[in-house]
Amino acid sequence: MNVAAYEITKSEFKELSEFVYKEVGIHLAEHKIMLVRSRLSKRLRELNLRSFKEYLAYLNEDGSGEETIMLINEISTNVTSFFREQSQWDFLEQEVKVFEAAKKRTLRIYSAACSSGQEPYTIAMFLLSTLKNPQDWDIKILATDISENILLKAMEGCYSAQDIGALPKSMLLKFFDKKNIMTKQGNELFYEIKPFVKSMITFRSFNLVYGNYSKIPQSFDMIFCRNVMIYFDKETKEGVVKNLSSKILKGGYFFIGHSESLVTMKDGVLKLEKPSIYKKQ
Ligand SMILES: C[S@@+](CC[C@H](N)C(=O)[O-])C[C@H]1O[C@@H](n2cnc3c(N)ncnc32)[C@H](O)[C@@H]1O
């Protein structure tokens with residue numbers, strides 16, 4: 001059913017943008033007005049509100065912060081996939097040999113803005129398939145996102161055939177359990193990540209812009225912060241990169257999305273190793 005979207009004035013959009021920027025550091029460009037209007041109209045209807053004016057009042061009065069999360073769930077894109085940015089996995093395949101040559105047998109990895117989990121599960125499956133003796137390694141992956149809804153999906157780790165895409169059959173057999181689930185389309189086959197892979201990952205909610213970084217405990221060998229900084233303006237991005245890079249061990253790596261860049265970062269802490277891969281100095 002195609003239901004009409006609510007009207008939004010320029011000043012209401014401006015107020016909404018300011019709210020989003022203040023709360024989560026996401027910059028909503030003016031040309032996003034139609035997109036925001038259509039995505040949020042559904043939410044207004046659910047809340048039985050009559051206008052964006054009423055929605056803004058509701059947002060400002062909501063002391064719990066729950067509506068802010070609902071708002072972020074609607075406006076941010078959670079698009080992700082297994083083995084996204086193939087060249088980074090090719091790079092890491094070589095790097096694994098360097099890890100293996102060193103004595104240490106621990107790896108700490110952070111997937112910041114992990115969305116529905118494909119990124120941290122890819123990291124786990126990649127290491128389990130690439131390390132010669134993965135059982136000898138102590139591997140822990142921290143995965144965070146701002147959206148509680150998407151984190152629930154990530155923790156569930158249950159994916160449709162479409163989500164699975166072209167993952168090789170050997171990986172499906174090794175790392176997933178098949179599951180039949182009744183959906184609106186009928187009985188559908190899903191793939192659930194096996195418990196031993198899930199157990200390598202700790203999922204937490206964390207706001208990369210306003211979160212308390214002292215709660216991110218370890219020093220990481222690698223941080224993946226991909227396809228999230230596109231939403232941030234220069235100042236916000238600098239703050240996030242500074243906080244995250246302080247959490248990477250010397251010689252560790254920082255991965256960003258292919259369409260992103262850190263060209264404005266001049267403090268020299270992160271050196272460009274390959275496109276979208278930085279090394280901590
Ligand atoms: C496009 S997905 C990227 C997922 C994954 N990193 C990848 O590259 O496939 C962006 C994610 O960033 C999250 N996000 C947006 N703003 C955030 C913030 N301020 N702090 C933490 N996560 C945020 C969204 O909820 C969404 O799940």
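What follows treats the salt bridges, then the cysteines.

The model is predicted, so local features need pLDDT of at least 70 and side-chain atom pairs count only at pLDDT 80 or more, while totals for chains, interfaces and linings use all residues. Residues are numbered from 1 along each chain as its sequence is written, and side-chain values use heavy atoms, with hydrogens and water left out.

A salt bridge here is a side-chain nitrogen of Lys or Arg within 4 Å of a carboxyl oxygen of Asp or Glu. The structure contains 16 salt bridges. One of them joins glutamate 18 to lysine 14, with 3.3 Å from N to O. Both residues belong to helix α1, which covers residues 10-24, and they sit four residues apart, about one turn of the helix. Helices (H or I, at least four residues) and strands (E, at least two) are DSSP runs, numbered from the N terminus. Glutamate 18 has 46% relative accessibility and counts as partly exposed. The classes are set by relative accessible area: buried is under 20%, exposed is over 50%, and partly exposed is in between (1.4 Å probe, protein chains only).

A second example links two strands. Lysine 179 forms a salt bridge with glutamate 192, and their closest N and O atoms are 2.8 Å apart. Because lysine 179 lies in strand β4 (residues 176-183) and glutamate 192 in strand β5 (residues 186-193), the pair ties together parts that are 13 residues apart in sequence. The two partners fall into separate classes: lysine 179, at 35% relative accessibility, is partly exposed, whereas glutamate 192, at 17%, is buried.

Glutamate 192 also forms a salt bridge with lysine 198, where the closest N and O atoms are 2.6 Å apart. Both glutamate 192 and lysine 198 are buried. Elsewhere, salt bridges link Arg43, Glu46 and Glu67 in a network.

Turning to the cysteines, a disulfide is a covalent bond between the sulfur atoms of two cysteines. The criterion used is a pair of cysteine sulfur atoms within 2.5 Å. The structure holds zero disulfides. For cysteine 158, which is in no disulfide, the nearest cysteine sulfur is that of cysteine 114, 16 Å away. Cysteine 158 is buried, at 8% relative accessibility. Cysteine 225 is likewise in no disulfide, and its nearest cysteine sulfur, again that of cysteine 114, is 11 Å away. With a relative accessible area of 0%, cysteine 225 is buried.
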